[in-house]
Amino acid sequence: MLHLSLPQAMANADTVMASAELPASPDEVIAALVTKDVERWWGSADTYRMTGWSSDLRVGGRWTVLVETSDGRHLPASGKFLEVETPRRIVQTRRYDWDHPTLGRQETIVAYLLETIAGGTRLTVCHGGFAGFPDAAAEHAEGWTRVLGWLQRYLEANPEKMRSGAALR
């Protein structure tokens with residue numbers, strides 16, 4: 001069995017960097033990140049869940065999701081895809097369409113960088129656009145550690161689903 005290191009993240013005042021080793025191919029990881037599969041793993045009952053995911057995975061295509069909080073609120077987020085080089089790299093904008101407590105409605109940029117490693121994929125997340133929002137950067141570093149942990153556990157628990165032809169939809 002592949003021994004995976006725990007996801008890690010760090011932030012400076014402008015950028016968050018996070019990384020995880022995942023037991024799936026780059027194509028399977030991309031599918032988990034930018035298709036309706038997001039709803040299966042991103043979140044928990046005591047934090048929030050992603051619902052209503054919709055995306056048009058192409059340069060200029062848009063994505064939307066509802067963040068359903070543990071107290072029942074539905075908070076929209078959205079963005080557009082800036083670069084799509086599957087299965088190696090996807091870059092997208094990200095914006096909360098509500099007044100986030102530390103970030104407001106500031107648009108940020110998320111880059112997913114994927115590298116094949118023995119037994120799976122190393123996913124690196126570079127999340128920029130936090131200049132002037134250092135508390136938001138720190139909060140998002142904690143968030144990315146949690147999110148990549150959810151993804152790692154999902155892929156570990158569902159190898160048959162992921163290996164049986166997860167495709168970009």
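Modeller: Let's start with the aromatic rings: this predicted model holds 6 aromatic pairs.

Colleague: What makes two rings a pair?

Modeller: Two rings pair if their centres lie within 6.5 Å. Pairs of this kind link Trp41, Trp42, Tyr112 and Trp144 into a cluster.

Colleague: Why is Thr116 called exposed?

Modeller: Thr116 has a relative accessible area of 58%, and exposed means over 50%, so Thr116 is exposed. Thr116 sits in strand 7, residues 108-117. Leu22 is 94 residues from Thr116 in sequence, yet their C-alpha atoms are 9.6 Å apart in space.

Colleague: What is the strand order in the sheet?

Modeller: The sheet is open, with 8 strands in the order 1-2-8-7-6-5-4-3 and antiparallel pairing.

Colleague: Why are strand 1 and strand 3 called edge strands?

Modeller: Strand 1 (8-11) and strand 3 (48-55) each pair on one side only. From one strand to the next, the twist averages 20°.

Colleague: How do you know that strand 3 and strand 4 pair?

Modeller: Pairing needs at least two bridges, and strand 3 and strand 4 (residues 62-69) have 6, in the antiparallel sense; therefore they count as paired. Met50, for instance, has Val67 in strand 4 as its bridge partner.

Colleague: Which helices pack on the sheet, and at what angles?

Modeller: Helix 1 (residues 26-34) does, touching several strands, including strand 5 (74-85); its direction makes about 155° with that of strand 7. Helix 3 (residues 134-157) also packs on the sheet, with strand 1 among the strands touched; the direction of helix 3 makes about 15° with that of strand 2.

Methods: Residues numbered from 1 in each chain as written. Predicted model: local features only at pLDDT ≥ 70, side-chain atom pairs only at ≥ 80, totals over all residues. Heavy atoms only, no water. Phe/Tyr/Trp six-rings, centres within 6.5 Å; stacked < 30°, edge-to-face > 60°. Helix = DSSP H or I, 4+ residues; strand = E, 2+ residues; numbered from the N terminus. Buried < 20%, exposed > 50% of the residue type's maximum accessible area, 1.4 Å probe, protein only. Axes fitted to C-alpha atoms, helices over the stretch in contact; angles between N-to-C directions. Contact = heavy atoms within 4.5 Å.
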